[in-house]
Amino acid sequence: MNTNSKNSRRNLRNIGIIAHVDAGKTTTTERILFYTGANHRVGEVHDGNTTMDFDPQERARGITINSAATTVFWHGAQINIIDTPGHIDFNIEVNRSLRVLDGAVVVFDGVAGVEPQTETNWRLADRYHVPRLAFINKLDRVGADYLRVVQMLRERLGVTPLPLQLPIGAEDTFRGVVDLLDRRALLWSGVAGEPFEIASIPDAMTAAASAWRERLIEAVVEQDDVLLAAWLNGIEPSVDQLRAGIRRGTLAGAFVPVLAGSAFKNRGVEALLDSIVEYLPAPGEVAVDDAQPESDPDGPLAALAFKVVADEHGAMTFVRVYRGRLAPGDAVLNTNTGRTERVSRLYEVHADKHEERASLQAGDIAAIVGLKDTLTGHTLTANTPAARAHPLVLEQISIPEPVIDIAVEPNTQADSQQLGKALHALVKEDPSLRVSHDAESGQTILSGMGELQLEVTLEKLRARHHVEVRAGRPQVAYRETISRPARVTHLHKKQSGGPGQYAEVTLELVPLARGEGVRFRSEVVGGAIPREYIPAVEAGVRRAALAGVAAGFAVVDFEAVLLDGRFHERDSSTLAFELAAVAAFREAAARALPQVLEPVMSVEVITPSEHLGDVIGDLHRRRAAIRSQEPRGTASVVQAHVPLKEMFAYIGNLRALSSGRAQYSMQFDHYAVAAAHVAAEAMAA
């Protein structure tokens, strides 16, 4: 491996494989492992023997639940790969992986094209400025259409797709691709491990290949004034110039290279690997933001923890090292907590296998054993006076809000003693889970992104932590908000011998748009409230907002403005101002016409066209707002917004309506004001 310096980059690629569920993402990763020599056999999802889906639940369910890392080598380059889940319930795994990756391969189903979860993942990659390649997979399936999917990339994702290949044959006759750069055909036998054959472009495809190559050249030369001027003068760029131009355009986000294949049939994988090395960035080549440090191994340490997992090695914290070096025995500063942590051991992770490392350096992704208080999104730096004086905090990982709750109760006293500890460990691993306590019922409430995620979590409680629980029916995670401004002045005053409590606050609550969360702002001037008490007012507001006045749900989408107040030299304290803020918030919220909000899901249903009317009618009965319907091959696709409350047990109804032939996917979209009868039910419950 090349050494890194400020002027030369390691031949290293940190990439993710992302896709909608069932697009063939894990199969593609397994073929990459085989063709790079990391595996000597081909793992298959349907056989339950994949390398990357090693968790028993993943193999039993045939889906990816946890992001898994591995390392392969191809033509002198090291490729660190993270295979991510495709199911929306486990989107936190995609989110935190994309935060630390330099590039990504997005796998598309050649029939379905751009699916809802792909769109969500694409937007996440946009947020983290991750350059991408598109791999249109499953082109051997009935109904697959490469160029239709290319057009969907343009229309649905708003990007410029840049096809580097055209498929030769379609559906069961798909056997290879036309390489537009090198003007040749690559043909595969379909037998794993057999080399592809290089041939001339089929006569029937020469005109199409020339036209698409011309489009490719036009897109590339637009990124380089020198190439553009030469091209306008009739000088065609060389293949090497085109490759360099494709790389520049990919890293800049000007376009997305598109490749064709069928991973399951062993077609197109080698060309995909070539493109990963040629077009995706090395560490430090794409700046995420101004706060991101330069990828310099000799600079002061800067690393981001992006995942915590417990296994037989103990608690392992996965980190991306952005700058500096790390070795066992090092003391590091967690700038989020201000605490010092000590590194015990370092591991390079290959799915469920771990290889101990003597050190890490800028660009590496690996696991640390020994960190006790480091969580997802925390920044680790050198433990020096300079770092403490000016702490670096890297951009954190956004955690989605849960939309579904279940009550869990331990079966036995022994289970009761272990439940809290086990749930704490699971929430530490998966921060999209929440645990709370219902004071009225005494129940423990587990909240998450969907029924599947909660099912998997309950199974982890039993299998990994040996805690048996009874679980209630899934319930919608409602929220509350306010619908008009309200202002109150509240005096908190208590005297019971000894020091008293005194705090007065004037607080105004103002509605915000959906999705804005909770904001706090102080407009206090002239020392009406000492500055050291203002954080206590904010803490009181946020604490009170955890349980609203309408039905006890968390209150969101409002701004609390501290306008004025009074204090007492002797009797005022942070506790007094926090209690005053709690009371002021509750009084103001009651005056602000509180409303109940319910989660609304983005739903896509794919159904045989003859059942379209029944499917739409059923969605309308579920209070759906139909957004679009369009043909896709012989099927029809319906996009709708549907309240989560109406989607429980939907799959059974859908199968009955369509003779078992329709399918659907859904993901959280937004919170909306609940219908009157829904709000009444929620408040009564």
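Trainee: What makes Arg464 and Glu429 a salt bridge?

Mentor: Their closest N and O atoms are 2.6 Å apart. The cut-off is 4 Å between a side-chain nitrogen of Lys or Arg and a carboxyl oxygen of Asp or Glu. The pair is within it, so the name applies. Bear in mind that this is a predicted model.

Trainee: Where in the chain do the two partners lie?

Mentor: Arg464 is in the loop between α12 (451-463) and β25 (469-471). Glu429 belongs to helix α11 (residues 413-429). They are 35 residues apart, so the pair links distant parts of the chain.

Trainee: Why is Glu429 called buried?

Mentor: Its relative accessible area is 9%. Buried means under 20%, so Glu429 qualifies.

Trainee: And what is Arg464 called, buried, partly exposed or exposed?

Mentor: Arg464 has a relative accessible area of 30%. That value falls between the 20% and 50% cut-offs, so Arg464 is partly exposed.

Trainee: How do you know that Arg487 and Glu508 form a salt bridge?

Mentor: The N to O distance is 3.8 Å. The limit is 4 Å, so this pair counts too.

Trainee: What does the pair tie together?

Mentor: Arg487 sits in strand β28 (residues 486-494), and Glu508 in strand β29 (residues 501-511). The bridge therefore ties together parts that are 21 residues apart in sequence. Glu508 has 18% relative accessibility, under the 20% limit, so Glu508 is buried.

Trainee: What makes Glu348 and Arg357 a salt bridge?

Mentor: Their closest N and O atoms are 2.8 Å apart. Glu348 counts as buried because its relative accessibility is 13%, under 20%.

Trainee: How many salt bridges does the rule give?

Mentor: The count comes to 41.

Trainee: Why can such side chains pair at all?

Mentor: Opposite charges can pair when the charged atoms come close.

Trainee: How do you know that the radius of gyration agrees with a compact globule?

Mentor: With 685 residues, such a globule would have a value near 26 Å. The protein has 28 Å, which agrees.

Trainee: How much of the protein is buried?

Mentor: Of the 685 residues, 54% count as buried.

Trainee: What secondary structure does the protein have?

Mentor: There are 17 helices and 35 strands.

Key:
Residues numbered from 1 in each chain as written. Predicted model: local features only at pLDDT ≥ 70, side-chain atom pairs only at ≥ 80, totals over all residues. Heavy atoms only, no water. Helix = DSSP H or I, 4+ residues; strand = E, 2+ residues; numbered from the N terminus. Rg over C-alpha atoms; globule rule 2.2 N^0.38 Å. Buried < 20%, exposed > 50% of the residue type's maximum accessible area, 1.4 Å probe, protein only.
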